[in-house]
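Work through these exercises with the model open. Each task is followed by a stepwise solution.

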Amino acid sequence: MPSKNKRRRVEERSTIHPRNKYSENPPDFGALATLYPSFKPYVFYSSRDGRPRIDWTDYNATRELTRVLLLHDHGLNWWIPDGQLCPTVPNRSNYIHWIEDLLSSDIIPDCRADGDVVKGFDIGTGTNCIYPLLGASLLGWRFVGSDITDVALEWAERNVRSNPHISELIEIRKVQNDNKTFEEKDIQTEDGGECGGTVDLANMGVADIRPSPLSSLELHSRLQNYHGTPILLGVVKDGEKFDFCMCNPPFFETMEDAGLNPKTACGGTSEEMVCPGGEQAFITRIIEDSVQLKQSFRWYTSMIGRKSNLKILISKLREVGVTVVKTTEFVQGQTCRWGLAWSFVPPYKKIVSSHVTEKNNLSFMLEGLQRQYSAFHVLQSVESFFCSSGASCKIDSSSFKIDIIASKDQCEAILKSQTENVSSITTYKLGISDGPDQLDFQSTEVHLSISVFQQIPGTLLVRGVLLQRESPNKGAFVLVFRKLEDVLKSKFCKTKTIAELSTSGQKR
Ligand SMILES: C[S@@+](CC[C@H](N)C(=O)[O-])C[C@H]1O[C@@H](n2cnc3c(N)ncnc32)[C@H](O)[C@@H]1O
């Protein structure tokens with residue numbers, strides 16, 4: 001049982017995506033019980049505060065809650081057989097909205113995989129088929145949902161057919177295990193098979209990146225990892241293109257590891273929860289498939305259950321040469337999961353136009369600040385942003401201002417540094433299209449000051465001033481300030497805290 005302090009810390013971090021339907025209005029069990037008689041028997045009123053609650057350890061209660069939420073809030077008809085993994089609607093919606101953010105960001109060019117409609121691939125859609133149902137009903141996305149078990153395929157189909165208004169958008173695809181080992185198939189691909197296809201980027205104005213042949217060492221390590229049924233390679237059809245894939249993988253190596261949370265009853269059979277090597281092996285395989293499929297997907301994503309695996313998988317991604325890595329944290333109640341996304345599409349360069357590079361004075365707003373952060377936290381982050389490169393910083397906490405002196409090397413180190421949740425390989429560049437990649441640095445140092453002002457609650461203004469008025473280093477000032485903007489926005493404006501959801505929070 002977690003200590004009170006730990007519990008409080010987790011609750012403080014409870015986050016929900018601001019566009020999540022439940023962000024402002026957590027499910028009201030009392031109102032749902034009145035509207036849906038089948039849900040009523042599961043609702044009781046707490047003797048402590050009189051609030052309506054359900055018993056999270058009762059599988060039938062959690063399944064009925066999911067059913068009524070999907071019906072009431074999403075207009076979806078839905079059911080799963082006893083014991084199958086029961087999804088939690090607010091939690092699964094967070095993943096959908098995070099993908100929506102990735103797709104609408106300008107990290108990589110917005111070039112739809114297949115016409116106007118966004119097309120996703122849900123790896124292991126399960127009996128519940130939750131991601132295609134939510135993605136199609138909330139955002140009109142098309143989906144292929146794959147799975148390996150008969151029960152998952154049958155019930156996912158049923159759940160799609162029960163919703164004729166979106167059924168055209170969703171295809172359920174059986175993963176064929178055609179008795180060839182995965183290694184054999186994969187080696188054929190290396191020899192010129194169809195699976196390594198890349199999107200023709202000629203019309204996108206970005207360079208094509210084709211899969212490079214694997215060294216014998218790489219191949220050896222891949223053969224060791226490859227067990228089980230195909231995941232993407234061999235399931236994605238020749239020439240198919242997707243905007244993203246997503247996956248809630250079998251997290252555990254054994255059912256004992258799954259250590260089913262005694263505080264919740266979300267079901268989950270061994271086929272759903274377990275795979276040899278656990279999530280690390282499963283996602284490693286997705287990464288290796290992505291090396292072959294490259295730009296057939298704009299974004300590859302997966303949910304991750306263990307932070308230690310997140311670090312290992314990020315290293316793996318760097319090894320295989322992806323162009324972008326993004327991560328996020330999904331926290332709800334006392335359950336924490338991570339989202340990992342990567343791409344092989346060359347990222348946009350941040351272009352700073354020449355009229356901006358003339359400015360001595362720049363500012364940006366930090367809006368939708370998470371409740372636990374104040375102007376002081378932002379000021380501290382500004383300090384560590386500059387100090388980490390060795391720049392000299394003098395902080396004046398009373399006026400929320402920092403004076404900074406940075407050399408050319410220090411500015412370059414700042415621009416090259418990789419920051420969690422900021423496109424790790426974004427290039428910051430001067431000029432409209434073909435400006436210099438090198439910093440045009442004409443005096444030894446840049447002197448600047450950064451101030452943080454409270455505007456209204458939840459909104460801060462960050463202002464940067466180049467203190468050498470006639471400095472020829474304006475370009476460096478602009479680029480560094482733009483990077484600071486990206487880092488602070490990514491850190492402080494991601495999601496919004498709602499404490500309420502941690503009490504009624506559903507867990508996987
Ligand atoms: C944890 S469940 C996720 C179910 C659902 N997406 C959710 O979020 O509740 C994992 C699913 O992956 C499926 N699975 C396992 N190996 C697979 C593979 N190679 N390809 C596709 N699905 C697979 C399992 O059958 C199971 O339905």
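**Exercise 1. Confidence**

What pLDDT does the protein average, and what share of the residues score at least 70? Then locate stretches where pLDDT stays under 50.

*Solution.* Start with the whole chain. This is a predicted model. The average pLDDT is 79. A score of at least 70 is reached by 75% of the residues.

**Exercise 2. The ligand shell**

*Solution.* Count first. The ligand is surrounded by 21 residues. Gly124, Gly126, Thr229, Asn248 and Glu272 are the closest.

Next, assign them to elements. At least two shell residues come from each of helix 5 (130-139), strand 5 (142-147) and helix 11 (270-273).

Last, sort by class. The shell holds 10 nonpolar, 8 polar and 3 charged residues.

**Exercise 3. Strand 7**

Is strand 7 buried or exposed? Identify its pairing partners.

*Solution.* Check burial residue by residue. In strand 7 (residues 242-247), 6 of the 6 residues are buried, so the rest of the structure largely encloses the strand.

Then look at one partner. Strand 4 (residues 119-123) pairs with strand 7 in the parallel sense, over 4 bridges. Here aspartate 122 faces methionine 246 of strand 7.

Take another partner. Strand 8 (residues 297-304) is also parallel to strand 7, with 3 bridges. Phenylalanine 244 is opposite tryptophan 299 of strand 8.

**Exercise 4. Nonpolar cores**

Which members of the largest nonpolar core touch the most other members?

*Solution.* The largest core has 77 residues, and Leu232, Cys245 and Ile286 touch the most other members. Helix 4 (residues 89-104) gives this core its largest share, 6 residues.

Follow cysteine 245. Beyond four places in sequence, its contacts are Gly120, Phe121, Ile123, Leu232, Phe297, Tyr300 and Thr301.

A second core is separate and has 30 residues, among them Leu366, Phe400, Val478 and Leu484.

**Exercise 5. Aspartate 73**

Why does aspartate 73 count as partly exposed?

*Solution.* Count its neighbours. Aspartate 73 has 18 C-beta neighbours inside 10 Å, so it is classed as partly exposed. A buried residue needs 20 or more.

Finish with a distance. Aspartate 73 and valine 89 are 16 residues apart along the chain, and their C-alpha atoms are separated by 9.9 Å.

Technical notes: Residues numbered from 1 in each chain as written. Predicted model: local features only at pLDDT ≥ 70, side-chain atom pairs only at ≥ 80, totals over all residues. Near = placed C-beta within 6 Å. Nonpolar A, V, L, I, M, F, W, Y, C, P; charged D, E, K, R; others polar. pLDDT = per-residue confidence, 0-100. Contact = placed C-beta atoms within 7 Å. Buried ≥ 20, exposed ≤ 12 C-beta atoms within 10 Å, placed from the backbone. Pairing = 2+ DSSP bridges. Core = buried A, V, L, I, M, F, W, Y, C linked by C-beta atoms within 7 Å.
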